[in-house]
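Notebook open, viewer open. I want to go through this one from the chains down to single residues.

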Amino acid sequence: MENTFKPATIPGYIPNVLRAFPVTMEILLISLLISLALGALVTAAGIGKRKWPKAIAGGYIAFMRGIPTLVLIFLIYLGLPQLAQVVGIDLTGVSKTVFIVACLSLSSSANMAEMMRASYLAVDKGQKEAAYSVGMKEFTAFRRIIFPQAFGIAIPALGNNIIMLFKDTSLAFAIGVIDLMGKARAISSASYGANRLEVYIATGIIFWAACIILEYCSKITEKIYTKGRKKATS
Amino acid sequence: MANMVELSNIHKSFGKNHILKGVNLTIEKGEVVVILGPSGSGKTTLLRTVNFLDSADDGSVAVNGFQLDCKKHSKTQVIELRRKTAMVFQNYNLFQNKTILENVMEGLVTVKKMGKADAEKMSREILAKVGLSERCDFYPSQLSGGQQQRAGIARALILDPDVILFDEPTSALDPELVGEVLNTIKTVAQTGITMIVVTHEISFAREVASRIIFMEGGSIVEEGKPSEILVNPKEPRTQQFLKRITDPQAAGE
Amino acid sequence: MDFKFIIEALPKIMLAVPITLFMSLVSAAAGWLLGLSIALIRKHRVPVLSQFSAVFVSFMRGVPMVILLYISYYALPILLYSYGLSIGITIDINAVPPIVYAIIALALDQAAYSSEIFRSALSAVDEGQMEAAFSVGMTRTQALMRIIFPQALAMAIPNLGGIFVGLVKGTSLAYYVGVYEITATANLLAMPALNFIEAYIMTTLIYEAISFVLNKLFRICEDRLKKFRAGASA
């Protein structure tokens with residue numbers, strides 16, 4: 001075995017891999033929106049008083065947290081169409097991106113729900129009582145008093161969840177989507193694997209840089225948002 | 001009788017704050033020394049330099065003839081010095097992961113290398129003396145502050161130290177729990193063990209102290225018997241302090 | 001549903017469970033030990049090492065697992081081989097099973113995440129505990145081993161449980177570097193007759209069962225270790 005590793009060529013692959021960046025971004029943003037909406041729904045069911053929605057929300061979160069994202073992707077992309085066929089629905093025309101967005105939204109929504117629940121519970125009970133005491137209705141109290149405080153508390157966890165979701169988009173290649181990781185695989189197989197190590201390192205650097213930026217944004221947002229307000233944490 | 005504790009020329013700064021400005025203090029065996037003074041006077045820091053929880057910048061500390069230069073000492077020397085002393089903390093600082101019994105046994109087993117059976121027997125006896133027989137298997141978080149502090153005293157006593165250091169042992173307690181802890185400390189004082197107590201409890205000082213030291217601004221201002229210091233203080237700063245602490249209404253004016 | 005396939009494949013997939021668990025346990029053991037060292041290095045601000053650790057942690061948190069696996073899989077053989085040459089032996093790279101590379105990547109990932117957990121747990125232990133240990137004459141090592149670490153561990157356990165379940169899920173990616181753990185085995189078995197739905201439902205159930213048991217185990221650990229907080233009002 002010969003050492004064919006050429007570190008100097010790594011930067012050259014970065015622009016090439018980056019061409020798939022819009023695909024990754026598209027997957028990330030759509031999944032993020034859906035997972036937030038889904039997460040909010042699950043949280044509402046989870047903190048509500050009705051027994052069945054509560055149980056379903058709990059089961060949903062436990063299920064999503066127990067299954068590897070890769071397995072979920074295989075289950076839905078390879079398994080679901082087979083199942084649908086049995087009941088006469090044809091899913092073969094659905095694009096791969098839709099599948100990957102569906103999978104990532106599902107798996108991330110459980111994390112989002114956990115985050116929302118924890119932040120909601122972290123807001124002091126007295127806040128709600130105070131809002132009622134000045135005559136606010138339940139929804140007004142939530143929108144004007146509880147939510148703004150819970151949001152401040154949630155920012156760090158939200159940042160983490162977005163980073164996790166972003167990293168998980170790298171699994172889109174598993175079903176052949178040409179995202180960052182898919183592009184990396186394509187470049188490396190075009191050279192029959194000769195430059196694969198350099199390409200993967202280049203891709204790793206792209207992810208790393210993007211995560212540093214995301215983390216920075218999350219910190220800045222938290223700083224701006226909680227400025228002048230009661231320190232939310234600890 | 002030889003001196004039990006000797007502090008010479010103790011200097012200590014935190015950053016730009018010169019907390020202790022060359023303190024000299026000699027304590028004989030069996031003395032109960034109470035240190036009084038306003039907050040920020042350096043009394044707690046002085047106590048903590050005795051067992052090197054705060055290492056002084058200059059000077060020397062000696063406990064029962066074992067002398068350490070504050071500038072030049074090894075880790076093993078510090079540990080040896082600490083094994084001659086014991087401390088009771090303001091916030092009790094009981095080991096949170098151990099039961100009351102284990103808290104008291106801990107020093108015997110890990111430091112004095114005593115067998116567990118003997119250590120347990122001794123610990124139960126001493127816990128009985130401070131009135132905690134029933135609480136041996138509880139964790140600190142399950143006890144009241146007063147009970148925790150009595151356990152803290154037992155943890156210090158069992159090591160049979162040459163001197164026990166009390167750092168404001170009742171300051172963190174609810175008022176109704178102060179009495180039980182002070183009574184325990186009084187009982188300890190009667191055994192003849194050498195004690196240094198930092199406190200704000202004047203009446204306690206009057207009852208148990210063999211000597212009172214008044215500190216302010218990092219130096220000892222005045223010292224003497226309780227009957228002298230508390231009744232006829234010579235220094236105006238001592239007079240002021242005593243007036244403020246015994247007559248709270250005067251403090252505001 | 002092809003029940004014949006299920007009956008035949010299930011035992012074969014089950015045989016891969018120990019491989020998944022083995023990978024997870026070894027990675028966690030090695031990773032957490034390294035993570036604790038990193039936490040101590042960063043807490044005491046050891047020069048050079050602590051800066052290096054910070055970059056390492058950031059990199060590991062920023063790069064998706066699948067890329068780390070690829071980098072480990074393609075880079076380590078080169079490193080190993082050239083190291084062999086430098087000491088004058090020719091190492092047969094092909095004799096190293098791929099699971100080794102997977103474990104190294106997973107362990108480094110665990111080291112990064114656990115170091116953050118240990119760091120916050122250590123700083124959460126009250127300073128007075130160390131002072132009290134000193135006051136009864138303990139050495140620093142005795143204080144750390146008997147007083148500080150047990151308390152920090154109790155605080156770290158819930159989060160360690162979280163990253164361990166994440167690790168077990170993450171081992172499914174070792175499929176891409178040729179480790180025949182649960183997911184890879186299921187894939188292999190499903191391929192010939194396209195029994196995807198059956199294979200992935202089984203896989204899902206197995207992962208769910210593992211997660212369930214692990215969550216239970218960590219909950220028990222947590223209760224055991226936290227018994228001393230029984231009276232504390234959380």
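Predicted model: local features only at pLDDT ≥ 70, side-chain atom pairs only at ≥ 80, totals over all residues.

Next I checked chain A against chain B. They do not touch, and I get 20 Å between their nearest C-alpha atoms.

**Chain B, overall**

I find 10 helices and 10 strands in chain B. Its radius of gyration comes out at 18 Å, close to the 18 Å from the globule rule for 253 residues, so chain B is as compact as a globular protein of that length. I also boxed the C-alpha atoms of chain B along the principal axes, which gave roughly 55 × 45 × 40 Å.

**The sheet**

In what order do the 4 strands of the open sheet in chain B run? I read E2-E1-E4-E5, with antiparallel pairing. Strand E2 (17-28) and strand E5 (66-69) of chain B are at the edges with a single partner strand each, so one side of each has no neighbour in the sheet. From one strand to the next, I get an average twist of 15°.

I then zoomed in on a pair inside that order. Strand E1 (residues 3-14) and strand E4 (residues 58-63) of chain B are joined by 5 bridges in the antiparallel sense.

Last stop was a helix pair. Two packed helices are described by the angle between their axes and the distance between the axes, so I looked up both. For helix H3 (residues 100-111) and helix H4 (residues 116-129) of chain B, the axes come within 9 Å and cross at roughly 125°. That angle makes H3(B) oblique to H4(B). I have the crossing of H3(B) and H4(B) down as right-handed.

Which residues meet there? On the H3(B) side I listed B:Ile100, B:Leu101, B:Val104, B:Met105, B:Leu108 and B:Val109. Those meet H4(B) residues including B:Lys116, B:Ala119, B:Glu120, B:Arg124 and B:Leu127. By class, I have 10 nonpolar, 1 polar and 3 charged residues in the contact of H3(B) with H4(B).

Methods: Residues numbered from 1 in each chain as written. Chains lettered and ligands numbered in written order. Heavy atoms only, no water. Axes fitted to C-alpha atoms, helices over the stretch in contact; angles between N-to-C directions. Helix = DSSP H or I, 4+ residues; strand = E, 2+ residues; numbered from the N terminus. Parallel < 35°, antiparallel > 145°, perpendicular 65-115°, else oblique. Left-handed = near helix turned anticlockwise from the far one by under 90°. Contact = heavy atoms within 4.5 Å. Nonpolar A, V, L, I, M, F, W, Y, C, P; charged D, E, K, R; others polar. Pairing = 2+ DSSP bridges. Rg over C-alpha atoms; globule rule 2.2 N^0.38 Å.
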